Amino acid sequence: FNLDCARISFAPLAGYSYHQQRFKSRTYDDQINFSDFKILAHNDYKFRWSGPWVGFALAYQATCELQVYFDYYYHWARFHGTVKEHFTFVPGQLPTHLRSNRAYGNEFTVGTIYTFCDYWFIGIKFDYKQFCGNKGKASEETREFTDALRRLDWNSSTITLDIGYTF
């Protein structure tokens, strides 16, 4: 929807998203020693949020060259995660599988685009995502962690700078 006299545009949005993160770490544990050897831990974390979302986009064309915009999305999500811990010299470590059937998230984006020199532009935006999962569950082999997983939270933010040319 465009309101020409006010230079404002509004667009309702709907879609499906898939967010995935993977983090690997290697640490040495000073608490457990075998002779002069320290324990080497290899940890692998995989988290996935997916599901439908609805939202809106709002833009204000302040001048011919300058646009300011705001986007908001509400996500209904399912969370799946795997945490694998492998310790050198300690066999039998089992992976922990986490899941939540009731997850939700909010996503906010604020930005501006400035056009200069015949179709060249520069833009900057700030994006913030906040997801929560309730009633998290652990797999059978790691049932003792269930109480610690009653609420799963994930927050992230990014700042992006774009310089480009519009064809």
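Guide: T109 is found in strand β5, which spans residues 96-116; the model described here is predicted. With a relative accessible area of 6%, T109 is buried, because this value falls under the 20% limit. Leaving aside the neighbours within four places in sequence, T109 is in contact with Y69, F70 and D71, and also with K125, F126 and D127. One of these residues, D127, is joined to T109 by a polar contact of 2.6 Å between the two side chains.

D127 is itself buried, at a relative accessible area of 10%. Besides its polar contact with T109, D127 forms a salt bridge with K129, in which the closest N and O atoms are 3.7 Å apart. That separation qualifies because the cut-off for a salt bridge is 4 Å. Side chains of opposite charge can pair when their charged atoms come close. K129 likewise counts as buried, its relative accessibility being 16%. The structure holds one salt bridge, formed by K129 and D127. D127 therefore takes part both in the polar contact with T109 and in the salt bridge with K129, and D127 is buried.

C117 is exposed, with a relative accessible area of 59%, whereas C132 counts as buried at 2% relative accessibility.

Terms used: Residues are numbered from 1 along each chain as its sequence is written. This is a predicted model: local features need pLDDT of at least 70, side-chain atom pairs count only at pLDDT 80 or more; totals for chains, interfaces and linings use all residues. Side-chain values use heavy atoms; hydrogens and water are left out. Buried means under 20% relative accessible area, exposed over 50%, partly exposed in between (1.4 Å probe, protein chains only). A salt bridge is a side-chain nitrogen of Lys or Arg within 4 Å of a carboxyl oxygen of Asp or Glu. Helices (H or I, at least four residues) and strands (E, at least two) are DSSP runs, numbered from the N terminus. A polar contact is a pair of N or O atoms within 3.5 Å; within protein, one must be able to donate a hydrogen and the other to accept it, and residues adjacent in sequence count only if both atoms are side-chain atoms. Contact means heavy atoms within 4.5 Å.
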